[in-house]
Amino acid sequence: MNPAVQAQTAQADKEEEEEEGKSIDMKELPFEDAEKTTKVFVQLLKEPTSLEEDVAVNVRLSEPSNPELADSLVRVVGSSSNPVVLFRSDALGKLGQITDSPGSDFFTQFARLPVEELERRAQNEKDTSAGKFGEVTSESLVFQGRQVVARTEGTAVSLSRFSGGALTPLSVCPLRPVSTQAAWGKALLITDPAVVQDSQRTWDPCTGAGTQGGAWTFAHLIRELANGSGKTPDLFVKDWLSLWLNNYTVNGDVVLARTAMYAQVIQPWANASGVSSALTTNPSTGRREVLFGGPLNLNISPFRLLAIVNRVDLSSSTGGGYGGSSSAGELRFVFGVTRPSPWGAGTEASCGLRPFTVIFEYGVPRSGCSAVIDWARQWRDLSTHSTFDTGYLTQLQTMTESVVLHGKAPSKGNQNALNQIRTNENTLNAQWELREFTLTNENPSTNTDTPASGVLRPHTVALTPDDATHNSNTDPDVSAFVLSTVRSSEPLPVLIPTKCSSSYSMPFSFNGSSFRGGNSLVRSPNFWRASGASSSDAGDVCARREFSLNTCNGCHFGDTGTTNLANTTNLSFTHISPTSGIPARQSKFLTGGGVGFMFSVADTQFGSGVATWQYADMERRYQRLFDLATCSTCSQVFQLSPSFLSRMQEIAGVVPFDPFIAEEKPPFAVGAIRSLDQVQKLLDVRKEFKTGRVNDAEVGVFQPSDIFVH
């Protein structure tokens, strides 16, 4: 690295640490006994149930968000349309349904669990111990959402215990490969020049090197997106970029035009393509339009690949994650915008790297536990390559093409797996702005978001209020939403800062007015404040932080310590920098400051005297990847008809409904079931409500989905 650049980077690191947070050695984390952190025990039943289930899956659940359900012997989680019915393990023990209960905070679901699944895990543990995946450690990290809170160790699976009918713990992996930046860079967030500047699959607009239209180029992704839209790819991308030229309204939020898109991106691209262009105003509509003298050359688009990102950590049996449409998480391509001239004759220093990222975020079109684990294994195995050799590059291309090609997601817009495209920039205006675009028709009045073919459409930004009408410092609607919806979704008990998480959705409207925004801007302060929250109330502190962290501007600014507006040398509102060169620099929210470190950020509303939050997101993602690929276990679970809840109300008078994400008022009375007789009656009638659907589900995943927006 150039000494001047190295000195500048070191100074940026120092300023960032001093002004925004600090990196702390993970050895300072407390150590928790494995018994306390093990959340799942399985037990072979003496006799199959009436539904021919052979295993009791006992899961440690958090306290219900509704305190009235604290002593209920039955818990209904999931949603009213897809309920998951769990029975308190102690109650089943008293009724003779199971031999042993692992404790009063465990609830049981019955399932089929082939012994081959446990044998596979046992073999994986042996392979790990033998060094198949690299040097090993017995230590794991404990996360609450994105917050790292402790260290622990896992427990090896015992086939003899299971076959003998004893309670068998299924914990995190007892051994795992030592986390390294090299492994992160091969399996999670790939920024190495050997990939992002691969001569066969990428094309660099700064140097003109590479293969135009290669598998990892902007051109290839756009061609696949446009297929089935009724537009040629060049017109498809022109229509998308033209959205910046006029105001548009999303959910009542007027997103103001940034007409510099024409002068900074569209016109130079047209010039480089050898075609004339003009920005005109249509006299009949009064709207700005771009006219071209010929087609844009998509192959020389001013979008430079910065990273290929594996977000298998977004996988969830409950359909969680940012896009929410794929249980295998997301595959992302991060591009930086450049000045599109001179084509093929420039250098990185001369091509004008802009503070402007474009992220293609695809829902991986795989569902079911076995398919998701297979996807995770492929990424895990990539991490074992010593170099970015031909085998690595070929396998990675096979994996990416299985997601991005037209037809891979037949039920989605243009039969494309895209969840959303997100942009983040301040090159078109001095104020940073995030926007989102999808192949869906979003209708706030009917609370629907339906896949639709055609062009890219503006979309509300996830979990972020309309900051044009809701003040991030004093807004009463924000405060009310935080202290009602967000707070009610917190698993209890809440302990700051070690036990704080939530699971909620943001409505289009709240308190009678539009709430979710059509864009997200940097405003002062650089976080969202809940003016009614109390610093002495753990639930308030947790809810405020969870809300603000999950907004676009909170996650990209104050709540993660990503940047300071006065500090122009650091990442400036991006977690992957588009202006730092190749390889792209990553935020300390992602890296923690390096392997073995976590980045500590003071609570943005209440300060470090109340709470500091510790992040190491690449460590979290790496641990989740290896656990999923190596130590996860699949079971077959019979899905019960939603009408079972009506029968439950007939038997018990109430339904102990504690949904993963808060719903509208359910069509039944909510309350606790405390009678063993009623539990037995519910067990007896389960077989009447068996549907034809059997879910291939990861054992024990009955908890609310963590909200990871970015």
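Which residue in S10 does Phe41 stand opposite? The notes below answer this and cover further points on the model, which is predicted.

1. **The strand pair at Phe41.** Phe41 stands opposite Pro169 in S10. Strand S2, residues 40-44, is joined to S10 by 2 bridges, and these two strands run antiparallel.

2. **The sheet around that pair.** S2 and S10 belong to an open sheet of 6 strands, ordered S4-S5-S6-S3-S2-S10, with antiparallel pairing. Its edge strands are S4 (74-78) and S10 (168-169), each of which pairs on one side only. Strands of a sheet pair through backbone hydrogen bonds, either parallel or antiparallel.

3. **A helix across the sheet.** Helix H19, residues 676-685, lies across S4, S5 (83-88) and S6 (106-111). The angle between H19 and S5 is about 135°.

4. **Cavities.** The structure holds 7 cavities of 30 Å³ or more. The volume of the largest cavity is about 250 Å³. Of the 19 residues lining the largest cavity, Arg332, Ile359, Arg422, His575 and Ile576 are the closest to its centre.

5. **What lines the largest cavity.** By class, the lining comprises 8 nonpolar, 6 polar and 5 charged residues. At least two lining residues come from each of the strands S17 (303-311), S18 (330-337), S19 (356-363) and S20 (418-425), and from helix H16 (588-591).

6. **Strand S18.** This strand, one of the contributors to the lining of the largest cavity, is mostly covered, with 8 of its 8 residues buried. In a regular strand the side chains alternate between the two faces of the sheet. In S18, Glu330, Arg332, Val334 and Gly336 point one way, while Leu331, Phe333, Phe335 and Val337 point the other way. The residues on both sides are all buried, Glu330 and Arg332 among them. Arg332 is also one of the residues closest to the centre of the largest cavity.

7. **Neighbours of S18.** S18 pairs with S17 in the antiparallel sense over 8 bridges, and with S19, also in the antiparallel sense, over 7 bridges. Phe335 of S18 takes part in both pairings: Phe335 is the bridge partner of Leu305, and Phe335 stands opposite Val358 in S19.

8. **Two cis peptide bonds.** Which residues does a cis peptide bond with omega of about -5° join? That bond joins Leu492 and Pro493. Another cis peptide bond, with omega of about 0°, joins Ile496 and Pro497. Pro493 is in the loop between helix H13 (476-488) and strand S25 (509-510), and Pro497 is likewise placed in the loop between H13 and S25.

9. **Positive phi at Asn251.** Phi of Asn251 is near 50°, a positive value in a residue other than glycine. Asn251 is placed in the loop between strand S13 (248-250) and strand S14 (253-255). Is Asn251 buried or exposed? Asn251 counts as buried because its relative accessible area is 12%, and the cut-off for buried is under 20%.

10. **Positive phi at Leu463.** Leu463, also a residue other than glycine, has a positive phi near 55°. The loop that holds Leu463 runs between strand S24 (457-459) and H13. With a relative accessible area of 11%, Leu463 is buried.

Key: Residues numbered from 1 in each chain as written. Predicted model: local features only at pLDDT ≥ 70, side-chain atom pairs only at ≥ 80, totals over all residues. Heavy atoms only, no water. 1 Å grid on protein atoms, 1.4 Å probe; cavity = no way out; pocket = protein on both sides within 12 Å on 5 of 7 lines; lining within 4 Å. Points joined across faces, edges and corners; volume = space filled by probe spheres on them. Helix = DSSP H or I, 4+ residues; strand = E, 2+ residues; numbered from the N terminus. Nonpolar A, V, L, I, M, F, W, Y, C, P; charged D, E, K, R; others polar. Buried < 20%, exposed > 50% of the residue type's maximum accessible area, 1.4 Å probe, protein only. Pairing = 2+ DSSP bridges. Contact = heavy atoms within 4.5 Å. Axes fitted to C-alpha atoms, helices over the stretch in contact; angles between N-to-C directions.
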